[in-house]
Amino acid sequence: MDESPAGDEGILVRLGLAYRQAGKYDEAIATFDQVMNMADAMPQFKQIAQAEKVRSTQAKNAAKPAQSA
């Protein structure tokens, strides 16, 4: 899934959202990164991907068990 035809950024954003909802945070983050790195992606989708990457990263960090000191 390295090369994506134009217009796939919307599908990839939805895929990233599905990954996050399933608790697959690393896959979600990678998918949002892919959208942000698409040269021909619409700026709106890049903005959404960036915001959703932040949310996915926060969810991933919140899901980590607390380490005892």
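Helices here are DSSP runs of H or I with at least four residues, numbered from the N terminus.

**View 1. Overall fold of the predicted model.** This model is predicted, not experimental in origin. Read along the sequence, the pattern is α-α-α. The protein has 3 helices and 0 strands. Of its 69 residues, 28% are buried. Among contacts with a separation of 6 or more, 50% join residues 24 or more positions apart.

**View 2. The largest nonpolar core.** Eight residues make up this core: Leu12, Val13, Ala28, Phe32, Val35, Met38, Ala41 and Ala49. Two elements, α1 (9-21) and α2 (25-36), each give two or more residues to the core. The top contributor is α2, with 3 residues.

**View 3. Contacts of valine 35.** Val35 is one of the core residues. Leaving aside residues up to four places away in sequence, valine 35 touches Glu9, Leu12, Val13, Ala41, Phe45, Lys46 and Ala49. Among these partners, Leu12, Val13, Ala41 and Ala49 also belong to the largest nonpolar core.

View 4. Serine 56 sits in helix α3, which spans residues 43-63. Is serine 56 buried or exposed? Serine 56 counts as buried because its relative accessibility is 0%, and the cut-off for buried is under 20%. Its contacts, not counting residues up to four places away in sequence, are Arg20, Tyr25, Ala28, Ile29 and Phe32. Two of them, Ala28 and Phe32, are also residues of the largest nonpolar core.

Key: Residues are numbered from 1 along each chain as its sequence is written. This is a predicted model: local features need pLDDT of at least 70, side-chain atom pairs count only at pLDDT 80 or more; totals for chains, interfaces and linings use all residues. Side-chain values use heavy atoms; hydrogens and water are left out. A nonpolar core is a set of buried Ala, Val, Leu, Ile, Met, Phe, Trp, Tyr and Cys residues joined through side-chain atoms within 4.5 Å. Buried means under 20% relative accessible area, exposed over 50%, partly exposed in between (1.4 Å probe, protein chains only). Contact means heavy atoms within 4.5 Å.
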